[in-house]
Amino acid sequence: MTKKTFFITTPIYYVDDVPHIGHAYTTIAADVLARYHRLLGEEVFFLTGTDEHGLRVSQGAKAQDLTPREFTEKLAPQFVTIWNSLNLSYNFFIRTTDPHHEKIVQEFLTKLYKRGFIYEGVYEGPYCVGCEKFVTEGELKNGVCSLHPHLLPTRIKEKNYFFKLSAFQKQLITFFEKKEAIFPQERRNEILGKLKKEKLKDLSISRAGVTWGIPVPWDKKQTIYVWVDALLNYYSATQFVRGKKKFWPADLHLIGKDILWFHTVIWYALLLAADLPLPKKVFAHGFFTIEGQKMSKSLGNVIAPQKLIQQFGVDETRYLLLSEFPFGADGDISLDRFRQRYNAELANGLGNLVSRVAKLCETSGFDFEDTPTSHFFSKPFQSALSKYRIDEALSDIWVDIHALDAAIDKAKPWKLSGKELFKNLLGVISVIRHIAFDLQPFMPETAEKIQKQFAGPKIKANPPLFPRI
Ligand code: MSP
């Protein structure tokens, strides 16, 4: 029997930025879902990578006196190192400067050109390098883009190739109305609302003034617009990475809400034009602020994942980031709150429960042959994850932790002995093992430690999982 497949992607991050906890947030969430689907027995392709062409990257290189090639070679490995240190189980790391990718992007564009979806024209308007897009006058506030207020948009007038995005308006509306493809629901309403209200304009998909990019196959003086190049990574990886063809179309594109338009309207229209199967789902999560402020270089409040790892540990960082606010909504993060929650939920919560039970088992002196093992995720946990409520799945585990603590307080096993004690402890062990099972996608190392510790026959107390800080 062939296994069910699951293809999940993260945005590919601009290589000129240092990896921060915003990028980590999406990638850890994708890792949780990838691990979860593997544990369900599915064959998973988890793709992440870096977005390496365009003005933003070439300007970044210039600022460091490097060629774009040297610059990207220097920076892409930083993402790989940090993703590895967060125990992210991606199956492939794509870089858009990979010649295999570049070839597929060119073939894709040629196909659209031959099908009559690309024509030549002149573009004139402001361009935001931070967003890597032409911005409409309506998107500017006091002359600057609200996402990159420190960057003055440049006015560009040049010959470009255009993609007939406008030709797909009706088809897109029908598709997104019929299919539940955009999550959460509010985001779907937002996209449909905009699609119904505004007439789509054709999209400039090449740049005459940008040399750091993939050349337009039939006009080498132009390069392919970086967003078209970037979106195509999801498709190209399935075509050139060995054995991955069967994974197209993607089951889930996980992204932040900032890039939803690109991942729905533009991406789906490009695929429709090429007559390729469409991705099944796009989930846009919210943005978090740091103690009420936008996280930005200019404010100097950007947090590197390494900082959290040093302070709390790897599994702990994964836990703290994903449990702070509902997945899908906007939220806020503070290191103080992380410290408090580390102590309350990890040190005193899970850690204390595990020590307490292990000590009871050890002092009982029993042999626990064939300790009860869990092979299934609990129902509420599964239902939370099926709605992509990653935070809710986590809090469901903590409900079990608190319930077990309360049950132990009530049963007072330290007052029991003989058969009664043995029976009670077996019950407690089975719940602990169940908690460890559910914990696997989130805190893989912790889950494994608990599973080993409670494997029997002898169960012993270990040093605390989460020393108090
Ligand atoms: N290169 C494009 C994406 C191309 S995908 C075909 C890009 N890169 S980015 O480096 O700017 O990354 C944007 C993504 O980073 C967001 O969509 C989100 O996943 C993540 N985040 C960045 N800052 C974040 C927060 N403050 N909060 C939550 N997620 C954040 O856009």
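**Figure 1. Polar contacts between the ligand and the protein.** In this predicted model, a backbone N or O atom of Ile 12 sits 2.8 Å from a nitrogen atom of the ligand. A polar contact here is a pair of N or O atoms within 3.5 Å; within protein, one must be able to donate a hydrogen and the other to accept it, and residues adjacent in sequence count only if both atoms are side-chain atoms. The side chain of Asp 51 places an N or O atom 2.7 Å from a ligand nitrogen atom. For Asp 258, a polar side-chain atom is 2.7 Å from an oxygen atom of the ligand. On its own the ligand has 670 Å² of accessible area, and the protein covers 94% of this (Shrake-Rupley method, 1.4 Å probe). Local features need pLDDT of at least 70 and side-chain atom pairs count only at pLDDT 80 or more, while totals for chains, interfaces and linings use all residues of this predicted model. Residues are numbered from 1 along each chain as its sequence is written, and side-chain values use heavy atoms, with hydrogens and water left out.

**Figure 2. The shell around the ligand.** There are 22 residues around the ligand, and Ile 12, Thr 26, Asp 51, Gly 256 and Asp 258 come nearest (a residue is near if one of its heavy atoms lies within 4 Å). Strand 1 gives the most to this shell, with 4 residues. The elements giving two or more residues are strand 1 (5-14), helix 1 (21-39), helix 7 (226-231) and helix 8 (233-240); helices (H or I, at least four residues) and strands (E, at least two) are DSSP runs, numbered from the N terminus. By class, the shell holds 11 nonpolar, 9 polar and 2 charged residues. Here Ala, Val, Leu, Ile, Met, Phe, Trp, Tyr, Cys and Pro count as nonpolar, Asp, Glu, Lys and Arg as charged, and the others, Gly among them, as polar.

**Figure 3. The second largest pocket.** Its volume is about 370 Å³. Of the 20 residues that line this pocket, Lys 4, Phe 6, His 37, Asp 251 and Lys 281 lie nearest its centre. On a 1 Å grid over the protein atoms alone, a pocket is an open set of points with protein on both sides within 12 Å along at least five of seven lines, a cavity is a set where a 1.4 Å probe fits but cannot get out, and lining residues have an atom within 4 Å of a point. Grid points are joined across faces, edges and corners, and a volume is the space filled by probe spheres set on the points. Domain 1 (5-286) and domain 2 (335-453) each contribute at least three residues to the lining of this pocket, with bounds from an automatic or database domain assignment. The lining has 10 nonpolar, 4 polar and 6 charged residues.

**Figure 4. The largest cavity.** About 60 Å³ of space lies in this cavity. It is lined by 13 residues, with Gly 54, Arg 207, Val 210, Ile 224 and Val 226 nearest its centre.

**Figure 5. Backbone details worth a look.** Phe 183 and Pro 184 are joined by a cis peptide bond, with omega near -15 degrees. Pro 184 falls in the loop between strand 9 (182-183) and helix 6 (185-197).
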